[in-house]
Amino acid sequence: MCDLFGCGSTPSNKPLPRVTDDERRNFLKGLAALPLATVLAYPELARASGHMGTQPLSIPTPSGGTARGVIAMPEVTPAPAILLIHEWWGLNDQIKSVAAEFAKLGYIAVAVDMYGGNVATSGEEAKALMSAVNAETGTEELVTLVDWLRKNEKCTGKVGTIGWCFGGGWSLNVSLATPVDATVIYYGRVNKTAEQLASLSSPVLGHFGTLDTNINQEMVAGFEKAMAEAGKTRLTVNWYEANHAFANPTGSRYDEEDAKLAWARTTAFFEEHLK
């Protein structure tokens, strides 16, 4: 199920992309590439992609804490960077795989871990982990990673953010806390006032489902109004005839067609504003 707090883990009842045994073996050996949606649909492929394509990252924060996650590097640097923020499940293989995919597209990709290494396997666990995140600490960790990326000698200085569900709201939050160059929100909470949006300096791309009863059209319309009142005109909102978590291939609300379209729009958005 999906509710106000996040999305459930019921397996998708839609047919998975077809993968032959030879394709699977070659992918696991690093000898072949598969579309991202196909990789994410199969746990063993997502696990392999995330592990092969990323390395652990740990950066100290100004207050003495630590910002943790994984990093995926492109073949050519300097390159622009993208900060990925996970769903309420935590930094799982799915998000690591997306980071690895961004690296293949020419970005330095850092997927943050906001749960201290914990990954939920049930809605109850996910809700508990999400509720335990301290807003001040979480903001500091994300700002630390953005600043570290921007100042890294292998980065061009351009940094974007992207998040899904819980992470979608945080993608906006960190963009309000520190300057970034592009912000992508997948069905995240956007109930902000014009005053709260005053510090926003980046263009924003949002993906939302018309069947989502919590991150709904009323909330998004309020966001659009608040953005206009704040004088923030660089906002693109895309609606899909889909539900919350429609871009997650492991969930029952996955919509392959809309997920592909949202991904194409996301990569084009980053291409325009970061490269």
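A disulfide here is a pair of cysteine sulfur atoms within 2.5 Å. By that test, the structure holds 0 disulfides. Before going on: this is a predicted model, where local features need pLDDT of at least 70, side-chain atom pairs count only at pLDDT 80 or more, and totals for chains, interfaces and linings use all residues. Residues are numbered from 1 along each chain as its sequence is written, and side-chain values use heavy atoms, leaving out hydrogens and water.

Next, select the sheet. It is open, has 8 strands in the order 1-2-4-3-5-6-7-8, and its pairing is mixed. (Strands are DSSP E runs of at least two residues, helices are H or I runs of at least four, both numbered from the N terminus; two strands pair if DSSP finds at least two bridges between them.) Strand 1 (55–60) and strand 8 (235–240) are the edges, each pairing on one side only.

Now zoom in on strand 2 (residues 66–72) and strand 4 (residues 108–113): they run antiparallel, joined by 5 bridges. Pick valine 70 and you'll find alanine 111 of strand 4 opposite.

Time for the helices. Helix 6 (residues 135–151) lies across strands 1, 2, 3, 4 and 5, at about 165° to strand 4. Helix 7 (residues 166–177) lies across strands 3, 5 and 6, at about 140° to strand 5. Contact means heavy atoms within 4.5 Å; axes are lines fitted to C-alpha atoms, for helices over the stretch in contact, with angles from 0 to 180 degrees between N-to-C directions.

Last stop: cysteine 155 counts as buried because its relative accessibility is 8%, and cysteine 165 is buried at 6%. Buried means under 20% relative accessible area, exposed over 50%, partly exposed in between (1.4 Å probe, protein chains only).
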